Amino acid sequence: MAGDGSTANDYVIRVHDDPAAIDASAWNALLAAQPAPTPFLRHEYLAALHTSGSAVPATGWAPQFVTIERGADLVGACALYLKGHSYGEYVFDWAWADAYRRAGLPYYPKLLAAVPFTPVAGTRLLARDDAVRDVLVHTLSALATSLKLSSVHVLFVDDADRAAFERAGWLLREGVQFHWTQRAAAPLASFDDLLASLQRDKRKKIAQERRRVAEAGVTFTVHRGAEIDDGLWDFFHDCYTRTYRAHRSTPYLTRAFFGAMARTMPEAWLLFVAWRGGERIAASLLAVDDARRSAYGRYWGCTEYVPCLHFEACYYRPLAWCLEHGYLRFEGGAQGEHKMARGLLPVRTTSAHWLRDARFARAVADFVAREGEHVALYVDELNERNPFKPPAEGTGGATAA
């Protein structure tokens, strides 16, 4: 326990340096009551990041989880970390850190509320109501002030969180991701329907890419939950580490993390395995949420190069699976304009930031405002390149959220 608890009115606020110190069932029940819960904020997921050595002080992620209790009830919580760097966040503040360094001030450590290594938007402030949500916002800045830290950053927030941060005067920063969302009117029934809704050049390109994979002799098997046995997890993790090595980087997640997922959250995982000549050559892992009918593309890797195999394993097979199983949303991860040509449209994301130094807060506010104007123009430009046929001509017209 990093903090024994403080009382604000009838609330008891605690800070925990180990997720295991928090009751898992209470945390998950509070998460389930939020506007935008995701599997990545389940207690099992966050605890596995810690116990596996993936997100721990030694890797620059020191848990400082906040809980708020009223009586015996958990009414507020936030997965918070003391960060010694900005890796694994996907909302980039390296320039801010450099400005602090040039001014002779420490930017690190900072406080970060986010799911480590996971650029998926959702509720970050787990709260029984807006009053508790406002207490959480105040607690984050008060904790940073008491520890004399430079800043607090809350990444990929939902609308309720955004409103709370806006009420508190935090800086709001926008970004862009690419998601596929099922149409409410006349839903698509199959991948062929999706193809038919695209403009001719996009449809032709996808057909060519899929044909190249098929002509290379590649086939796929699909495995979910307990069907992903230890051998498949081993193969996937080998592919996952190969992807990082190819980019001369170190994998964030250990094999022990995925082992914990197999034990504690098996139903949340879907694995596509590519085969050629009787040998496994690639794997693509998705997280899936039956309750919200959402899928999240997470990791991929291969043992040999096949042209267009990445697109097949990471976009076309997952989209076909989503359509077959009645899923409504597929998120393709951070960045990547190339996803638009494959039916994923731009969606805005929001992060919230608080800086203790008033001078830097003003400078960052100016930067965020100018950046926001560029993001708005960028989204407008992207929407002009919508890959779907116009509504009057076809079945797939859509714009960014």
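Analyst: In helix α4 (residues 130-146), 17 residues at 1.5 Å a residue should span 24 Å, and the end C-alpha atoms are 24 Å apart, so the two values agree. The expected span is 1.5 Å times one less than the number of residues, and helices are DSSP runs of H or I with at least four residues, numbered from the N terminus. This is a predicted model, in which local features need pLDDT of at least 70 and side-chain atom pairs count only at pLDDT 80 or more, while totals for chains, interfaces and linings use all residues. Residues are numbered from 1 along each chain, and side-chain values use heavy atoms, with hydrogens and water left out.

User: Which residues of α4 are called buried?

Analyst: Buried means under 20% relative accessible area with a 1.4 Å probe, protein chains only; in α4 this label goes to V132, R133, V135, L136, V137, T139, L140, S141, L143 and A144.

User: What covers the buried residues of α11?

Analyst: The cover includes α3 (94-102), β10 (171-181) and β16 (345-355), and the buried residues of α11 are F360, A361, V364, V368, V375, V379 and L382.

Notes:
Buried means under 20% relative accessible area, exposed over 50%, partly exposed in between (1.4 Å probe, protein chains only). Helices (H or I, at least four residues) and strands (E, at least two) are DSSP runs, numbered from the N terminus. Contact means heavy atoms within 4.5 Å.
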